[in-house]
Amino acid sequence: MFFALNSIKKPKKQFNLLHLETSEHYFLSLKVSLHINQKYDEVRGKLHLCSRSLVFEPKVLKLPLMKMKYSNNLFMKILKNFDHKQIHQVLCVKWDQQMLQEDIDTLDLNQVLQFQKRDTSTTQNELAEKLYVQNKNQKKTVQISNALPINAFLIKVEKLFIINRNPISPYITETSDDNLVFSISRSNSKQNLIRFLKLYQGLNECEDEQQYLNVIVSATLSEGISEQKLQSSLLGNKIEVIHKAKQIKPEGTIYGIFTIFREEYAQFVPLVNSPKGHIIHFTMSDVKYFLKYRYMFKNQGIEIWLHNKQRSLLFVFDDQLQQEQIYKYIYKKSNKNSLQNINKEKALEYWMNGQLTNYEYLIILNTLANRSFNDLSAYPIFPWIISEYGSEEFAINQPAFFRDLSKPIGALNKHRLQKYKAFYSEQLKDKNPDAIPYLFPTHYSSPGTVVFYLIRKIPEFVIKLQNGVFGPTDRIFRGLESTWYTTLNLHADSKEMIPEFYSQDCDFLINCDKLELGVTQEGEIIDDAVMPKWADNISDFVIKMRVALESEYITCNINKWIDLIFGNKSRGEEALANDNLFYPYTYNENVSWDRCRTSIERQALETQVSEFGQVPIQLFQQGHPVRKLKIQPSLKSEEEKKELLKQNQILLNKNQKLTQMMESGDQNIIFQLQNQIQSLQWENDKLKFNLETVKQEMQVSEKIETFTYHYDQEELDKNGFDFMNDDSMVDKSSTPRNNKLNF
């Protein structure tokens, strides 16, 4: 079900785009072996060519990656037809800049070694030995006498960046004097080797990196289109649509070719920035839903959900005409279930009648406002709803327990708000006619906010954004109470929450990989996220957060927050009147790409839009209606009321008994009872609404516990409302030409 997809997938240990710097590109790889010295086997792996570095990835996953940046005076020399004895001599020589400029083939390495008085029984590769030689007594398996001549790279670089994968940790910077020799496997094609060398030379000689990258990417995609057309012609496959495209993923952007064939199937072939190179195939009948997507404030994308895929696919094209062409084709050939035609009034009606939970409704609004789990720059937004994290009582029946949803985060602290307003008044005195005054310098949702919360699940995100480190300990997500405090009090902090806090999966709060996140100023080791006092443990916290989200107070007040984020108070005069005004370039209407006169200006604007937050699409022009709780007419019978209370008491007694048995500590009993707990949970949950209404009618004062154990998302998926599969919410009268959201 769509709603279950509420988090980013954890990356695997292999080399990926998260190991690159921001804006760095990956191009291609060669199979190589790292030679350390004559005593040990070579370390087999891949040498990845990237726009700012070479990265060596050993085949053995427990060994670290080695990143070599061009900016650290990297020098690479080609060794042609060297035997293993000569390779060993190369490892022993102390290379200086003058020698590296010479043709190594013409050097008498024996004479050089004698002149330098070098001991050929040892090499200078101390760092490589420390990293990759696990057993000092291991013997070399390659027989030198029978070995064939090899081609190799000799690399010298001043610094090496070591990327540990088990466990994941910040990059270790090492000063290097090693002679790094990588023999090139004969399994590499000549074409790939030539392309590798040409790209390496171009990347190191270009004056404008971004301009060179644009040329290379464009040329690669153009060649890909020509090759795709040629292959399709030879195979007899008719092409309906073919365009350059980008696949947007949390870890980075993949460049490739998007093709739709007459046989009604589509294909995306990745060509740049795709280490795995997996080709995506799907037929039009596989399409479950699709939606036009605004990416980086440009209406050029399409997000597609497939029946046989757990996660959506987000593609961005060169312009709006290409987007429209592909959108119309998919609309014509698929089941026509375009989210563009979702009837907002019908969705609102379902929520007002209790057929949609608050969680589901917020997911719908995020989706229609072009907030995607694929796009870190426009990630789904969920609100802080609880304001009390130091109390032991989970007081969801008390309004003071909750945050004031009528105010944005930045306006909750009145003293801080006064400083923001004073800052706004100072801007009004600016005589610059192009200056647009604002209140808050930071946005409530940005890539930094997302990775801040997900540091325990995907630490690579933080390491990438922080240039190889986790950052200062006071900027690491420690727990809910401390984060709520800084969100209310720090000058540059206005962040809201993400959907993960209200979903079933709590792994983003647990330090499963035993990351060394640092020590606080008070001497406390940062480990699992610190839970509020009202939560027994992390699982209990996530359950109670979901209960709070579906509580009566939030249900009756969430409309105020929707007005601030997706509604009439999200921009303009209403935003100013409600202290909800952010930096100008977080609003689509203030961003004009046509005004960028140089590549530097465009790059600066892209950085602003992608990294510092975007105000969502405005879905509602008027104030959002209030949902009022209603009593179900079917519960008027006294016998039905008594039966419901009886069933609930039976479930509570069973849960209490199971809890006592689990607390006994017997792991066998715990294992046997887990399934019983899960089966009871759904029955317990189904009684929630009915029991709450009984409580209102009979004026029962005691609290009814309905979410005692794990929230069974799978059962909810089976039995709950699914707007992705309900045709009654789709406006069948709409055509692909009428693409405007009538909100």
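What share of the contacts in the protein with a separation of 6 or more comes from residues 24 or more positions apart? The share is 68%, where a contact means heavy atoms within 4.5 Å. The structure is a predicted model, in which local features need pLDDT of at least 70 and side-chain atom pairs count only at pLDDT 80 or more, while totals for chains, interfaces and linings use all residues. Residues are numbered from 1 along each chain as its sequence is written, and side-chain values use heavy atoms, with hydrogens and water left out.

The secondary structure comes to 21 helices and 16 strands, taken as DSSP runs (helices H or I, at least four residues; strands E, at least two) and numbered from the N terminus. Of the 743 residues, 52% count as buried; here buried means under 20% relative accessible area, exposed over 50% and partly exposed in between, with a 1.4 Å probe and protein chains only.

Seven of its nine residues are buried, so H1 is largely enclosed by the rest of the structure. These buried residues are His 84, Ile 87, His 88, Gln 89, Val 90, Leu 91 and Cys 92. Their cover includes strands E1 (26–35), E5 (75–82), E6 (150–156) and E9 (180–184), together with helix H3 (109–116).

Two packed helices are described by the angle between their axes and the distance between the axes. For H1 and H3, the axes come within 10 Å and cross at roughly 30 degrees; axes are lines fitted to C-alpha atoms, for helices over the stretch in contact, with angles from 0 to 180 degrees between N-to-C directions. H1 and H3 are therefore roughly parallel to each other (under 35 degrees counts as roughly parallel, over 145 as roughly antiparallel, 65 to 115 as roughly perpendicular and the rest as oblique). On the H1 side the contact is made by Gln 86, Gln 89, Val 90 and Cys 92, and on the H3 side by Leu 109, Asn 110 and Leu 113. By class, these residues divide into four nonpolar, three polar and no charged, with Ala, Val, Leu, Ile, Met, Phe, Trp, Tyr, Cys and Pro counted as nonpolar, Asp, Glu, Lys and Arg as charged, and the others, Gly among them, as polar.

H5 contributes Arg 195, Lys 198, Leu 199, Gly 202 and Leu 203 to the contact, and H6 contributes Tyr 212, Leu 213, Ile 216 and Thr 220. This contact has five nonpolar, two polar and two charged residues.

Turning to the rings, a search of the whole structure finds 40 aromatic pairs. Rings of Phe, Tyr and Trp (its six-membered ring) pair if their centres lie within 6.5 Å, and planes under 30 degrees apart count as stacked, over 60 as edge-to-face and the rest as tilted. Tyr 420 and Phe 440 form an edge-to-face pair, 4.8 Å centre to centre with 90 degrees between the planes. Tyr 420 lies in helix H10 (residues 414–428) and Phe 440 in the loop between H10 and helix H11 (447–453), 20 residues apart. Both Tyr 420 and Phe 440 are buried. The ring centres of Tyr 438 and Tyr 583 are 5.1 Å apart and their planes stand at 80 degrees, so this pair is edge-to-face. Tyr 438 and Tyr 583 are 145 residues apart. Tyr 438 is buried, at 14% relative accessible area, whereas Tyr 583 is partly exposed, at 28%.
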